[in-house]
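Here's a quick briefing on how this one packs together. Have a look at the model first, then read on.

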Amino acid sequence: MSRASTPEPRTCVSCGRTIEWRKKWERDWEQVRYCSTACRRHGVTDTDRALEASILDLLAARSRTSTICPSEAARAVGGGSGDGDDGEAWRELMEPARRAARRLVAAGEVEVTQGGRVVDPSTAKGPIRIRRA
């Protein structure tokens, strides 16, 4: 297969990261859904779906141009206000909240920003914000 005819990248069903075509997947490309064995094992849980819903609900409750931090969704699902006195279970949901945001980006529902600019959520490092697409 020539470089010009490589298939379009896909999005991992679990983490929302971009999956680039590889020669080893030539025969199975139509069945590739996960970027790694870890993502295949993890899949999409009820907590992941709750985080996606929380992100959309938080954005719906704000003005069209407002953004949220993934920690707001993590707190909404995991409990806690973040002031330190009521537990920190929500911190474990930070990476799952970022994964939920990436899946929503792939679905065209939200955008991920850094410094006010839209960024690729698959490669974004550091603090991010989420806004409606």
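Start with Ile 55: beyond its neighbours within four places in sequence, Ile 55 is in contact (heavy atoms within 4.5 Å) with Ile 68, Ala 73, Ala 97, Ala 100, Ala 101, Leu 104, Val 110 and Ile 130. Bear in mind that this is a predicted model, where local features need pLDDT of at least 70, side-chain atom pairs count only at pLDDT 80 or more, and totals for chains, interfaces and linings use all residues. Residues are numbered from 1 along each chain as its sequence is written, and side-chain values use heavy atoms, with hydrogens and water left out.

**Cores**

- A nonpolar core here is a set of buried Ala, Val, Leu, Ile, Met, Phe, Trp, Tyr and Cys residues joined through side-chain atoms within 4.5 Å; buried means under 20% relative accessible area, exposed over 50%, and partly exposed in between, using a 1.4 Å probe and protein chains only.
- The largest nonpolar core has 17 residues, and Ile 55, Leu 59, Val 110 and Ile 130 touch the most other members.
- H2, H3, helix H4 (94–106) and strand E4 (110–114) each give two or more residues to this core, with H4 giving the most at 4 residues.
- There's also a second, separate core of 9 residues, with Cys 12, Cys 15, Trp 21 and Val 32 among them.
- In soluble globular proteins, nonpolar side chains tend to be buried together.

**H2 against H3**

- Axes are lines fitted to C-alpha atoms, for helices over the stretch in contact, and angles run from 0 to 180 degrees between N-to-C directions.
- The axes of helix H2 (residues 46–60) and helix H3 (residues 70–78) come within 9 Å and cross at roughly 120°.
- That makes H2 oblique to H3, given that angles under 35 degrees count as roughly parallel, over 145 as roughly antiparallel, 65 to 115 as roughly perpendicular and the rest as oblique.
- The H2 and H3 crossing is right-handed: a crossing gets that label if the near helix is turned clockwise from the far one by less than a right angle, and left-handed if anticlockwise.
- On the H2 side, the residues making the contact are Thr 47, Ala 50, Leu 51, Ser 54, Ile 55 and Leu 58, and H3 brings Glu 72, Ala 73, Ala 74, Ala 76 and Val 77.
- By class, that contact has 8 nonpolar, 2 polar and 1 charged; Ala, Val, Leu, Ile, Met, Phe, Trp, Tyr, Cys and Pro count as nonpolar, Asp, Glu, Lys and Arg as charged, and the others, Gly among them, as polar.

**H2 against H4**

- The H2 and H4 axes come within 9 Å and cross at roughly 70°, which makes H2 roughly perpendicular to H4.
- This crossing of H2 and H4 is right-handed.
- H2 uses Asp 48, Leu 51, Glu 52, Ile 55 and Leu 56 here, against Pro 96, Ala 97, Arg 99, Ala 100, Ala 101, Arg 103 and Leu 104 of H4.
- The contact of H2 with H4 has 8 nonpolar, no polar and 4 charged residues.

**Before E1**

- Pro 9 lies in the segment before E1 and, at 39% relative accessibility, counts as partly exposed.

**Whole chain**

- The protein has 4 helices and 6 strands; helices (H or I, at least four residues) and strands (E, at least two) are DSSP runs, numbered from the N terminus.
- Buried residues make up 32% of the 133 residues.
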